[in-house]
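Here are my notes on the model you sent. Please read them with the structure open.

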Amino acid sequence: MPYINIQVTDERVTVAQKKKLIEGATRLVVDVLDKDPASTFVVIDEVSTDNWGIGYDMVTDLRSGKQ
């Protein structure tokens, strides 16, 4: 029973994009590990850019040029 957790920043990820992520991640596990798609779980977490950092900087600041 694979569990796939995808974390992205909450910057307007559409429902269509999420569906593609779920389908693609499931397809990868089916193709590579020969797992049953019916028992493969995919969870997408959208993280505020205030809660995501790269190096010393908050992504919110990086996106706005405030670093």
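1. The protein has a radius of gyration of 15 Å, whereas a compact globule of 67 residues would have one near 11 Å. This is a predicted model. Its C-alpha trace spans about 45 × 25 × 15 Å along the principal axes.

2. Buried residues account for 21% of the 67 residues. The protein exposes about 5200 Å², and 52% of that area is supplied by carbon and sulfur atoms.

3. There are 2 helices and 4 strands. Read from the N terminus, the order of elements is β-α-β-β-β-α. Of the contacts between residues at least 6 apart in sequence, 62% join residues at least 24 apart.

4. Which residues make up the largest nonpolar core? The 6 residues are Ile4, Ile6, Val8, Ala25, Val29 and Val42. In soluble globular proteins, nonpolar side chains tend to be buried together.

5. Val42 is one of the core residues. Leaving out residues up to four places away in sequence, Val42 touches Ile4, Ile6, Ile22, Ala25 and Thr26.

6. Thr40 sits in the loop between helix H1 (15-33) and strand E2 (41-47). Is Thr40 buried or exposed? Thr40 counts as buried because its relative accessibility is 10%, and the cut-off for buried is under 20%. A polar atom of the Thr40 side chain lies 2.9 Å from the backbone oxygen of Asp36. Beyond its neighbours within four places in sequence, Thr40 is in contact with Pro2, Ile4, Thr26, Val29 and Lys35.

How values were computed: Residues are numbered from 1 along each chain as its sequence is written. This is a predicted model: local features need pLDDT of at least 70, side-chain atom pairs count only at pLDDT 80 or more; totals for chains, interfaces and linings use all residues. Side-chain values use heavy atoms; hydrogens and water are left out. Buried means under 20% relative accessible area, exposed over 50%, partly exposed in between (1.4 Å probe, protein chains only). A polar contact is a pair of N or O atoms within 3.5 Å; within protein, one must be able to donate a hydrogen and the other to accept it, and residues adjacent in sequence count only if both atoms are side-chain atoms. Contact means heavy atoms within 4.5 Å. A nonpolar core is a set of buried Ala, Val, Leu, Ile, Met, Phe, Trp, Tyr and Cys residues joined through side-chain atoms within 4.5 Å. The radius of gyration is taken over C-alpha atoms; the globule rule is 2.2 Å times the number of residues to the power 0.38. Accessible areas come from the Shrake-Rupley method with a 1.4 Å probe; for residues, only the protein chains shown count as cover.
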